Amino acid sequence: MDEVVDGPSALRCVACGSNYPSSPSLFTCPRCGGLLEPVYSSGGTPRGRGVWRYRDLLPRARRIVTMGEGSTPLVKLENLSRMLGVEVYGKLEFLNPTGSFKDRGMTVGVSVAASFGYRIVAAASTGNTAASMAAYARRAGVEPVILIPKGGIASGKLSQIQALGAWILEVEGTFDDSLEAARTAAVKGLAYSLNSINPYRLEGQKTIAFEILEDLDSVDYVVVPVGNAGNISAIWKGFKEASLLGLPSIKPRMVGVQAEGASPLYKAWASRSGAVERVRNPSTIASAIRIGNPVNAAKALRAVEESGGLMASVSDGEILKSLRILAEHEGMLVEPASATSLAGLIRLRSEGVIRDGRRVVLILTGHGLKDPKALEFIAKGAGFRRTSANTTEEALLKLEEIAAHSV
Ligand code: F0G
């Protein structure tokens, strides 16, 4: 097994269109430096569960490293639908094994790494990629090395990575600085890179689209939080390839949502120039998408354009409000980056961009338990409804009081 994807021209450059046979560490175009993506000469039929249900359109791996990722619920958000006048579904990606959608990519990326004999895998991360890579690397028996922006990731994620025993390298600066170091290390052959520049990892993430198509017979919009811009690119690729698996050929508009203080792609899209200017000091409460120089910019802008979609940007205030709405009205605790998808939908409804009755899928990317600070914020909004009792009798009295107040 020398090639990761079938055929003599299995990788295509998204910038210049050159084709190459796939090899596990070929990530960018040797001619122009553009991003590469796998192309398939044939499809197949979905079978089994989870990400590997779609194995005919995934990279080949001799050794599959899996934790049953994928097959996440697509749940109608009834209260939000009523409140917003559109039909809203949540794709609960936070229910993946390590609490984020990253597991879909890592099962594929780590399987490729293990199958081709790599001993060390590395990624720069705002936390979720790191936690996911650490977990899958442990199962594969390879060494995970993580680069994170010092002080820049949520505490739950740091604990997760530490508990999994990954090497952690805290780098002064932003995520973008960490990524630069990780990319250079990979080029020097120090480790196998599992950042989303790795086209094989992204292939796992496109299965989100396949699952949506198995659950719904129509979709108007798919709303995705955007950081390094791999996920929106992968999901759109999934919609484009679905018919190769015998799935319906439905092409929703892709909506990418960035946080105002870290929105280079929104700005590039809004200026219509397509030129992406790096944001030097990205800032937002949504630490997972605090990214100023998205590596998959070209793929993401293409996804938005080809699908007739759009980019949006939302403030931290709107993100926090959405976090609270999801908890209060739908019982769902997500991390701030996830809530940007709802914040984007609310904004686009208020601007009249998304019309009445449209069917919208929000990608809810990461679990709320990863970010205890954000949970505290929601708790404050809910008024800290907490009391105590010294005896069981006192507890009963308190319960009577609560019951009397609640009717
Ligand atoms: N939502 C969450 C919870 C994330 O962790 C990320 C990215 C995104 C959305 C955005 O996805 O980068 O593909 O556009 N987290 C990365 C990480 C950067 O290192 O965990 P994207």
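Hi everyone, let's start with helix H5, which gives the largest pocket the largest share of its lining, three residues. Helices here are DSSP runs of H or I with at least four residues, strands are E runs of at least two, and both are numbered from the N terminus. A quick note on the source: this is a predicted model, where local features need pLDDT of at least 70, side-chain atom pairs count only at pLDDT 80 or more, and totals for chains, interfaces and linings use all residues. Residues are numbered from 1 along each chain as its sequence is written, and side-chain values use heavy atoms, with hydrogens and water left out.

Back to that pocket. Its volume is about 340 Å³, meaning the space filled by probe spheres set on grid points joined across faces, edges and corners. On a 1 Å grid over the protein atoms alone, a pocket is an open set of points where a 1.4 Å probe fits, with protein on both sides within 12 Å along at least five of seven lines; lining residues have an atom within 4 Å of a point. Of the 15 lining residues, those closest to the centre include Ser-25, Phe-27 and Ala-186. Besides H5 (175-187), strand S9 (192-193) also gives two or more residues to this lining.

Now the second largest pocket, at about 280 Å³. Its lining also counts 15 residues, with Asp-371 and Lys-373 among those nearest its centre. Helix H13, residues 372-381, gives the most here, four residues.

As for the whole chain, we have 14 helices and 13 strands. The C-alpha atoms fill a box of roughly 75 × 45 × 45 Å along the principal axes. Thanks, everyone!
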